[in-house]
Amino acid sequence: MSHEKILVVEDESALRTILKFQLEGAGYDVMTADDGVEGLEKVQEVLPDLVLLDVMMPRMDGSEVCRQLRASFLTSQIPVIMLTARGQIQDKIAGLDVGANDYLTKPYSLDELLIRVRNILHWSRLQREANPLTGLPGNVAIEAEATRRIQSGEKFALLYIDIDNFKAFNDYYSYQKGDEAIRMTASILLRAVGRCGGSGDFVGHVGGDDFVVFSDPDHGRRVADGIVLDFDEKAPLLYSEKDRSRGYVVVTNRQNEIARIPLMTVTIAGVTNVDRAITHVGQLSDIAAELKRFGKSQAGSLAVWERRGD
């Protein structure tokens with residue numbers, strides 16, 4: 001059952017009761033408010049995960065409530081679904097214009113209400129869990145995606161992507177250039193998935209220079225090959241012409257010795273459950289880590305795939 005909190009702000013007592021009953025039946029924790037003023041007070045008090053907000057209410061209408069929610073740092077990221085009897089397109093635009101995330105016109109079906117609530121809450125979770133540098137889902141979402149795929153029994157491919165020689169680049173060229181390299185890699189992954197992957201593929205940012213992609217076994221190898229090709233084309237452009245032409249940067253290591261560090265490449269560990277039963281996330285991580293260690297011992301960009309069965 002869900003423990004996500006929903007605040008229903010609705011001045012019609014009967015509808016407020018129905019909404020509370022329907023949402024609690026779906027597993028949500030539900031609080032209510034009679035009007036906009038009380039609604040704002042309740043939001044500050046309980047910080048709900050979602051607000052269902054009627055438009056036409058006494059004392060303060062829904063549009064003003066939404067404006068004030070968006071104006072406060074504390075409440076600006078709480079998603080809002082507007083509820084109204086109006087069906088005019090200009091009314092919907094007005095609601096979205098003040099910061100509402102979605103719009104539900106009365107009368108509505110229970111199925112539509114629950115789907116919209118579920119979708120908005122899912123989107124909100126991804127936003128909270130996203131890596132701030134790339135905007136990609138972070139570790140909580142990655143683990144949830146891995147668990148979902150394992151428990152569903154579907155066949156999948158995991159790509160674990162790691163940038164080789166990133167630390168030397170970051171130290172030599174500055175953190176700003178390092179951030180540029182991370183954002184570039186995220187874009188490369190998204191483009192590769194868009195070109196070669198499927199509609200259900202998932203791209204996540206573990207942190208630092210580590211990323212993951214979940215795909216299906218048929219698309220996974222093509223996605224990996226696309227990442228390698230694109231990275232090898234674009235990564236050298238982050239270096240100065242001098243470093244790019246000679247293929248390395250010259251740094252002083254901790255022993256005060258001069259070292260030549262090659263340009264960044266990418267190592268991809270590819271794991272599938274086609275020939276091996278994978279039953280938990282730890283097992284998946286262990287296999288990927290072993291493959292990554294082997295891949296990083298090789299020169300240049302490459303994808304290393306698990307070949308062993310059970």
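How many aromatic pairs does the structure hold? The structure holds six, where rings of Phe, Tyr and Trp (its six-membered ring) pair if their centres lie within 6.5 Å, with planes under 30 degrees apart counted as stacked, over 60 as edge-to-face and the rest as tilted. The model is predicted, so that local features need pLDDT of at least 70 and side-chain atom pairs count only at pLDDT 80 or more, whereas totals for chains, interfaces and linings use all residues. Residues are numbered from 1 along each chain as its sequence is written, and side-chain values use heavy atoms, with hydrogens and water left out.

Phe156 and Phe214 form an edge-to-face pair, at 6.0 Å centre to centre and 65 degrees between the planes. This pair links distant parts of the chain, 58 residues apart: Phe156 lies in the loop between helix H6 (139-152) and E6, and Phe214 in strand E8. Helices (H or I, at least four residues) and strands (E, at least two) are DSSP runs, numbered from the N terminus. Both Phe156 and Phe214 are buried, where buried means under 20% relative accessible area, exposed over 50% and partly exposed in between (1.4 Å probe, protein chains only). Ring pairs also link Phe169, Tyr172, Tyr173 and Tyr239 into a cluster. Tyr172 counts as partly exposed because its relative accessibility is 38%, while Tyr173, at 18%, counts as buried.

A nonpolar core is a set of buried Ala, Val, Leu, Ile, Met, Phe, Trp, Tyr and Cys residues joined through side-chain atoms within 4.5 Å. The largest such core has 36 residues, of which Leu159, Ile161, Ile227 and Met264 touch the most other members. Among the elements that give two or more residues to this core are strand E6 (157-164), helix H8 (175-196) and helix H9 (217-234). H8 gives the most, with nine residues. Apart from this core lies another, of 21 residues, including Met57 and Val80.

An open sheet of five strands shows parallel pairing in the order E2-E1-E3-E4-E5; two strands pair if DSSP finds at least two bridges between them. Strand E2 (29-33) and strand E5 (102-105) are the edge strands, each pairing on one side only. Strand E1 (residues 5-9) pairs with E2 over five bridges, and Val8 stands opposite Thr32 in E2.
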